Amino acid sequence: MFGISFLDLVILVLASFRLTHLIVFDEITAFIRKPFLSVTYDSDPSGQLVRNVEYKGTGLRRWIGSLLACHWCVGVWVAAVILLLYMYVPITYPLLLVLAIAGAAAVIETKMYFG
């Protein structure tokens with residue numbers, strides 16, 4: 001339908017993964033989430049960290065907080081943006097490559113860490 005090669009599909013998937021993680025979890029983008037939610041971490045009885053999310057405000061503010069806390073939700077919107085950039089703004093392809101390389105590195109690092 002769109003004529004996306006397998007390699008480009010892999011790049012789009014990895015770029016989407018990395019950008020989603022950046023928005024939902026990474027410290028560098030905490031300023032985006034801060035007006036809408038607060039996140040704390042506690043240890044469970046086995047010593048694993050448990051992420052606790054508290055939404056701020058009501059209405060639209062609370063809805064945005066619940067969206068930003070959900071990697072599945074953000075992932076859908078990020079995938080749409082990534083696809084639109086790929087299709088209609090080809091100059092962004094190097095940015096998509098950077099995100100894809102970072103996403104692949106994150107997958108490799110996680111696999112090595114949790115083995």
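Thirteen residues, written as 13, line the second largest pocket, and Glu27, Ala30, Arg33, Leu37 and Val39 are those nearest its centre. A pocket here is an open set of points on a 1 Å grid over the protein atoms alone, where a 1.4 Å probe fits and protein lies on both sides within 12 Å along at least five of seven lines, and lining residues have an atom within 4 Å of a point. The space in this second largest pocket comes to about 200 Å³, the volume being that filled by probe spheres set on the points, which are joined across faces, edges and corners.

The model is predicted, so that local features need pLDDT of at least 70 and side-chain atom pairs pLDDT 80 or more, while totals for chains, interfaces and linings use all residues. Residues are numbered from 1 along each chain as its sequence is written, and side-chain values use heavy atoms, without hydrogens and water.

Strand 1 contributes the most to the lining of this pocket, with four residues, and helix 2 (30–33) and strand 1 (37–43) each supply at least two; helices (H or I, at least four residues) and strands (E, at least two) are DSSP runs numbered from the N terminus.

Leu14 belongs to helix 1 (residues 6–24) and touches Leu99, Ala100, Gly103 and Ala104, leaving aside residues up to four places away in sequence, where contact means heavy atoms within 4.5 Å. Leu14 and Leu99 are 85 residues apart in sequence, yet their C-alpha atoms are 7.0 Å apart in space.

The structure holds zero disulfides, a disulfide being a pair of cysteine sulfur atoms within 2.5 Å.
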